[in-house]
Amino acid sequence: MTARQPDGANPKPVVLVLQDEPILAGIMRDFVEEAGCDAVVVRTAEAAVRTLEGRTDIRVVFADLDVRGSTTGLKLVAMIRDRWPPIELVLTGALAPDIDAIPARGVFCDKPFRENKVTSAIRGFAA
Amino acid sequence: MNNDLHGLSREELEAEVLRLRAERGERTAHGAEAFSRRDHSPVSDADVLFSAVDKTGLPMILTDPNQDDDPIVFTNRAFLDLTGYGIDEVVGRNCRFLQGPATEPNHVDEIRAALRDNRDLTIEITNHRRDGTPFVNALFIGPVFDGEGRLRYRFGSQIDVTEAHRNRRRLAESEARQRAIFDSASEMAIVVTDTAGKVTDWNVGAERILGWSAEEMRGQTVERIFTPEDRAAGRARQEMALVLDEGHAKDVRWHLRKDGGRFYAVGDMTSLRGLDGTHQGFVKAFSDRTQERNAATKEQADAEFMRSVLASSADCIKVLDLDGGLTFMSEGGQKVMEVSDFNHIKGCPWPSFWQGQGNADALAALATARDGGIGHFQGGADTFLGNAKWWDVQVTPIFGADGRPERILSVSRDITERKTFEERLAASEAHWRDLFERLSEGFIVGEVVRDPAGRVADWRYVDVNSAWGRLVGMASDSVVGRTIREVFPGIEDAWVDEFADVVETGEPVTFVRQVGTLARWYEGRAFPLGSERFAVIFLEVTERMQADARRSGLLEFGERLRSAIGTDAIAMAAAAILGRVLGVGRVGYGTVGSDGESFVVEEDWTAAGFPTLAGRYRMDDYGLYAEDLRQGRTVVIGDVREDPRTAASAVTLEAVYARTLVNVPIVEKCRTVAVLYVNDDRPRSWGEPEVAFIRQIAELTRQAVERRRAEERQDLLNHELSHRLKNTMAMVVSIAHQTLRSVSERGPVEAFEKRIQALASAHDLLLRKDWTAADLRSVCREVLGNAAEARRFTLDGPDVALGPSAALSASLLLHELATNAAKYGSLSGEEGEVEVRWWIDGDAGEPGLVLRWREHGGPPVVAPTRRGFGSRLIRTGLVGTGEVDVTYHTAGLVAAMRAPLVEVQRL
């Protein structure tokens with residue numbers, strides 16, 4: 001399924017995946033690994049924030065804006081951008097938001113995913 | 001020299017002074033010799049003079065003209081008594097202090113002249129006493145010379161002749177008066193004789209009546225004027241004797257005139273008394289009544305003539321004796337009184353003919369006539385056949401020859417018909433007034449009131465009917481005489497201006513207007529009555545106006561609900577409309593919590609000055625009627641002070657301007673979920689139509705809110721489904737991708753993935769339009785955008801909305817065409833374009849959507865030998881019914897397709 005890099009070599013960039021739908025979470029993880037990164041999957045916005053607070057090696061956040069929670073979608077990513085400016089954002093969701101609503105440098109990938117678009121975006125940010 | 005001077009009279013005293021003067025003159029003439037011969041005592045003449053002046057009982061003064069201002073140097077007691085002054089106030093002063101306001105200036109001038117000329121003067125002049133009272137002073141002044149002829153003193157003596165003056169004046173006046181009467185009485189002959197009957201005085205009147213002049217008659221006996229018969233009978237003597245006996249005698253007889261003719265004299269004779277009361281003669285005074293006497297005779301002769309005149313008059317003409325007994329009734333009178341034989345009623349007392357009040361009136365009229373006046377009354381008297389009639393009666397005296405009433409004339413006019421007419425008129429008036437009162441419409445008669453500039457500023461109630469009172473809610477009799485502005489302070493100007501116009505233009509008007517202070521509406525018609533007056537007939541239409549307001553309120557609410565507004569806006573729209581239509585201060589909508597206790601008001605509608613009730617409450621804070629609301633019963637409280645449910649908490653309610661309230665509970669599934677409340681700060685009696693209206697609005701609001709909520713739920717559901725659908729599609733694509741990863745032939749795999757993408761995009765479009773429609777242009781742009789840059793395709797066509805099915809199939813169809821164009825057609829190279837055109841046509845009677853895909857600028861194409869899935873997709877057409885033509889021109893592929901518009905747009 002997924003090819004893992006041998007341990008000991010340069011650590012791969014870590015991508016935080018926010019997705020509460022299990023199958024989609026798996027698909028998104030595949031994209032991350034296809035892009036040559038490691039994936040950390042969280043199911044809620046709160047967990048995402050906790051994770052970001054707990055570690056400093058997250059390079060990219062790949063988030064589904066439709067994940068429910070107290071802080072949802074665009075509000076969450078705006079907050080992440082605000083607190084951790086260097087973290088890049090790759091976003092997806094059922095409905096594409098207004099261009100103006102997406103934080104700068106953020107990339108929106110529609111569903112169903114175009115694998116190339118997603119992996120190249122992640123790869124690009126992780127590099 | 002006689003020293004006893006005080007007993008002298010004035011003349012004697014004056015004589016004494018002259019003598020003294022003469023003596024002086026003698027002495028002068030004789031010089032010293034005379035002086036010594038006289039052998040006077042050392043007492044000087046001056047002393048004598050002074051002594052004389054001093055002792056006399058006559059007021060006297062001596063002044064010294066040789067001193068400054070001729071002062072009084074000597075005066076006597078009598079002068080002081082007369083004038084009231086003290087000696088110190090007099091001596092040394094000029095006697096002008098006796099002059100005052102009543103003093104005659106010309107007399108003063110005379111005195112001054114006499115003093116200047118040193119003459120004697122006697123004059124009567126008005127002087128004033130010390131206390132100011134005036135008196136007439138008979139003054140004598142004279143100079144006193146010394147032996148050398150020099151002026152030594154002035155002498156003055158005064159006598160108070162006020163009384164004499166007064167009497168003299170009175171007498172003169174009386175005499176003048178008498179003479180005037182005597183002279184001017186030309187109508188009356190006045191003859192004055194001495195005690196023997198000889199004429200001593202004869203006035204103008206006597207001359208006129210008798211003919212002889214005063215000169216001719218003076219000294220003659222008065223018998224000359226008596227007729228020979230009377231003379232023979234000794235009448236004159238009889239009369240005189242009667243006068244002496246009784247003081248006066250009537251003189252009524254024929255007398256003789258100078259020319260021998262006779263005249264009838266009426267008068268009397270009295271005794272002439274002197275001032276001392278003694279009989280000094282006789283006075284005869286009489287006037288000539290010959291004419292009257294003749295007339296009286298003539299009158300009697302005319303009686304027959306008069307009788308015939310009277311007979312023709314329809315008035316009942318009667319002659320009564322002084323006691324009211326009937327002596328004569330005219331023929332006409334007998335007819336109206338239905339008397340068959342006058343003898344039956346002759347002598348009857350006339351007042352007895354009259355009934356009731358008439359009897360008293362007749363007696364009073366009779367008495368008035370007896371006294372010489374005219375009596376008048378109206379009364380009822382039956383005819384002799386018993387028919388009741390009504391009469392207007394005039395009662396006048398008939399004078400005898402002596403000028404006193406001797407009989408009574410009574411003229412009665414039959415006014416029965418007029419009286420009946422008056423009664424009918426009164427009855428008619430009563431009838432109309434009754435109608436006026438019975439009208440159910442209000443009726444006003446008004447009169448305009450103008451300001452000093454002449455503009456109508458107000459109008460006065462002249463008359464109103466009972467209906468007016470009912471319609472306005474005031475006692476009718478309380479307004480007559482008052483103006484409308486007095487009765488309704490602050491009334492709308494239109495109520496004055498419009499009626500003013502009616503009066504000024506003379507044109508009637510119809511109106512519908514409110515009296516704001518009463519909160520009542522009236523519709524009526526006003527019309528002019530002439531001369532500053534107008535009449536108004538009107539009805540109250542408050543109910544109708546309120547019903548109209550409610551109806552338009554409902555319509556407006558319906559309109560507002562049609563536009564898709566949120567639940568909050570629905571509630572506010574309802575509140576605003578209720579507030580306006582009902583004219584209240586606050587309307588709000590609060591939701592009841594599931595515990596049945598909490599009550600939340602998000603916002604409410606308020607009129608200016610009313611506080612909002614937004615906030616959280618507990619139902620039981622509202623008091624005893626919370627339970628009614630929980631049970632789903634409408635609560636109507638006209639006055640919170642009066643209603644037992646709120647009386648205790650009235651103060652708190654009124655603090656938030658809730659004096660009256662209506663609360664309508666909204667019930668869903670047997671539970672009160674919300675309350676619509678209506679408040680105002682004035683007590684109000686809520687009619688059934690109004691409460692029904694509030695309930696209606698509350699129900700419509702509930703329905704609208706429900707509908708909105710359902711729509712919102714629907715939207716939410718739709719969105720939820722869309723998300724799931726898209727997630728599912730994403731999953732499908734990924735699963736396929738993973739599953740087919742090991743397949744070496746990538747083409748089909750990619751084709752599959754792309755087709756799913758196209759499907760997903762189409763779903764996107766539909767989702768944005770709430771799954772109702774997708775615009776064809778957007779579908780084209782979306783699909784083609786994925787295939788090539790925008791510059792390489794042209795889209796041209798009207799706006800056409802596609803239903804969901806057509807949107808999906810069109811998307812896939814266009815996707816296939818685009819994929820082929822990108823692989824083999826005009827989109828495969830660097831250049832080449834696609835032109836997509838569509839339009840509506842009306843072929844075969846029903847409109848259809850035609851779409852044409854034309855490729856050009858690309859490499860030449862040929863029809864494929866095998867029909868892949870893509871071709872099959874294309875051939876299904878816009879709605880799956882086919883109607884597609886694909887032609888492989890050398891310039892490029894052209895695909896044309898058609899579908900009925902109805903099918904294309906089906907939801």
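Helices here are DSSP runs of H or I with at least four residues, strands are runs of E with at least two, and both are numbered from the N terminus.

Before I continue, a word on the basis of these values. This is a predicted model, in which local features need pLDDT of at least 70 and side-chain atom pairs count only at pLDDT 80 or more, while totals for chains, interfaces and linings use all residues. Residues are numbered from 1 along each chain as its sequence is written, chains are lettered from A and ligands numbered from 1 in the order in which they are written, and side-chain values use heavy atoms, with hydrogens and water left out.

Let me begin with chain A. Of its 127 residues, 51% count as buried; buried means under 20% relative accessible area, exposed over 50%, and partly exposed in between, with a 1.4 Å probe and protein chains only. Contact means heavy atoms within 4.5 Å. Among contacts in chain A between residues at least 6 apart in sequence, 62% join residues at least 24 apart.

Two helices of this chain meet. The axes of H1(A), residues 22-34, and H4(A), residues 115-126, come within 8 Å and cross at roughly 55 degrees. Such axes are lines fitted to C-alpha atoms, for helices over the stretch in contact, and angles run from 0 to 180 degrees between N-to-C directions. H1(A) and H4(A) are therefore oblique to each other: angles under 35 degrees count as roughly parallel, over 145 as roughly antiparallel, 65 to 115 as roughly perpendicular, and the rest as oblique. The crossing is right-handed, a term used when the near helix is turned clockwise from the far one by less than a right angle, left-handed being anticlockwise. From H1(A), Phe31(A), Val32(A) and Glu34(A) meet Glu115(A), Val118(A), Thr119(A), Ile122(A) and Arg123(A) of H4(A).

Is Thr92(A) buried or exposed? Thr92(A), in strand S4 (residues 88-93) of chain A, counts as buried because its relative accessibility is 0%. Leaving aside neighbours within four places in sequence, its contacts include Met28(A), Phe62(A), Leu65(A), Phe108(A) and Phe113(A).

The loop between S4 and strand S5 (107-110) of chain A holds Arg105(A). Arg105(A) has a positive phi of about 70 degrees although it is not a glycine. Most residues other than glycine have a negative phi. With 46% relative accessibility, Arg105(A) counts as partly exposed.

I turn now to chain B, where Asp70(B) is also a residue other than glycine with a positive phi, near 50 degrees. Asp70(B) lies in the loop between strand S1 (60-63) and strand S2 (72-75) of chain B, and is buried at a relative accessible area of 16%.

Next, helix H17 of chain B, residues 494-505. Its twelve residues should span 16 Å at 1.5 Å a residue, and its end C-alpha atoms are 16 Å apart, which agrees; the expected span is 1.5 Å times one less than the number of residues. Buried residues in H17(B) include Trp495(B), Phe499(B) and Val503(B). Among the elements covering the buried residues of H17(B) are strand S16 (442-450), helix H16 (484-487) and strand S19 (520-530) of chain B. Gly506(B), with a positive phi near 75 degrees, follows H17(B).

Which residues of helix H24 of chain B are buried? They are Leu776(B), Arg777(B), Val779(B), Cys780(B), Val783(B) and Leu784(B). These residues cover an arc of only 160 degrees around the axis, which puts them on the same side of H24(B); the arc is that of the directions from the helix axis to the C-beta atoms. An α-helix has 3.6 residues a turn, so residues three or four places apart point the same way.

Finally, a helix pair in chain B. The axes of H25(B), residues 804-823, and H26(B), residues 869-876, come within 9 Å and cross at roughly 135 degrees. That angle makes H25(B) oblique to H26(B), and their crossing is left-handed.
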